[in-house]
Amino acid sequence: MKKLIVALVSICLCISLFGCKSPEYSDALDLFNEGKYSVALTMFESLGEYKSSKSFVQECNYNLGIENYEQGMYDIAIGYFEKAPENEEVENYVKECKYCQALTLLHLMKKTTGSEAAPAATDSNISNATNSEIDEAIS
């Protein structure tokens, strides 16, 4: 009888310690699958080491990096890519972001002064440049 009570108490304790995060984890997965990476990231971070939350944190960072890269928000994209899994693709995105920042800065300098030599643009000017400004700078 004592063994049965100890076993039941142990099972209840395990469920209460580990089972309570399951709905949150499931919600975070749903958000991730819906492409709501920012909210999913926050939820996975709050889950810590639970299941594969840590891996999903990195994947959310990667996807948020891509989203910001595509919107021309290169500083923000780099911040997310630095928290993503390290691989060649991520490294290439970071290089591309830095390249686009440099082109944008050059374009803004030319646009401001009409010449090659100009005062340095601020980081906010660089990261807020639109894709059309970058396309114009490249051409």
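Trainee: Is Leu47 buried or exposed?

Mentor: This is a predicted model, in which local features need pLDDT of at least 70, side-chain atom pairs count only at pLDDT 80 or more, and totals for chains, interfaces and linings use all residues. Residues are numbered from 1 along each chain as its sequence is written, and side-chain values use heavy atoms, with hydrogens and water left out. Buried means under 20% relative accessible area, exposed over 50%, and partly exposed in between (1.4 Å probe, protein chains only). Leu47 has a relative accessible area of 1%, so Leu47 is buried.

Trainee: Which residues is Leu47 in contact with, leaving aside its neighbours within four places in sequence?

Mentor: Leu47 is found in helix 3; helices (H or I, at least four residues) and strands (E, at least two) are DSSP runs, numbered from the N terminus. Leu47 and Ser22 are 25 residues apart in sequence and 9.6 Å apart in space, C-alpha to C-alpha. Contact means heavy atoms within 4.5 Å. With those neighbours set aside, the contacts of Leu47 are Lys21, Glu24, Tyr25 and Ser53.

Trainee: Which helices do the buried residues of helix 3 pack against?

Mentor: The buried residues in helix 3 are Tyr37, Ala40, Leu41, Met43, Phe44 and Leu47. Their packing partners are helix 2, helix 4 and helix 5.

Trainee: Are helix 2 and helix 3 roughly parallel or roughly antiparallel to each other?

Mentor: Axes are lines fitted to C-alpha atoms, for helices over the stretch in contact, and angles run from 0 to 180 degrees between N-to-C directions. Helix 2 (residues 22–33) and helix 3 pack at about 155°, with their axes 8 Å apart. Angles under 35 degrees count as roughly parallel, over 145 as roughly antiparallel, 65 to 115 as roughly perpendicular and the rest as oblique. Helix 2 and helix 3 are therefore roughly antiparallel.

Trainee: How do the residues of the contact of helix 2 with helix 3 divide into nonpolar, polar and charged?

Mentor: Among the residues that meet are Tyr25, Leu29 and Phe32 in helix 2 and Met43, Phe44 and Leu47 in helix 3. Ala, Val, Leu, Ile, Met, Phe, Trp, Tyr, Cys and Pro count as nonpolar, Asp, Glu, Lys and Arg as charged, and the others, Gly among them, as polar. The contact of helix 2 with helix 3 divides into 11 nonpolar, one polar and two charged.

Trainee: Where is Lys51 found, and is Lys51 buried or exposed?

Mentor: Lys51 has a positive phi of about 45° although it is not a glycine. Lys51 lies in the loop between helix 3 (37–47) and helix 4 (53–70). With a relative accessible area of 57%, Lys51 is exposed.

Trainee: Which residues of helix 5 are buried?

Mentor: The axes of helix 5 (residues 74–81) and helix 6 (residues 88–113) come within 9 Å and cross at roughly 160°. Helix 5 makes this contact through Tyr74, Asp75, Ala77, Ile78 and Phe81. The buried residues of helix 5 are Tyr74, Ala77, Ile78 and Phe81.

Trainee: Within what arc do the buried residues of helix 5 fall, seen down its axis?

Mentor: An α-helix has 3.6 residues a turn, so residues three or four places apart point the same way. The arc is that of the directions from the helix axis to the C-beta atoms. The buried residues of helix 5 line one face of the helix, so they fall within an arc of 100°.

Trainee: How many helices does the chain have?

Mentor: Buried residues make up 34% of the 139 residues in the chain. Its secondary structure has zero strands, and the number of helices is eight.
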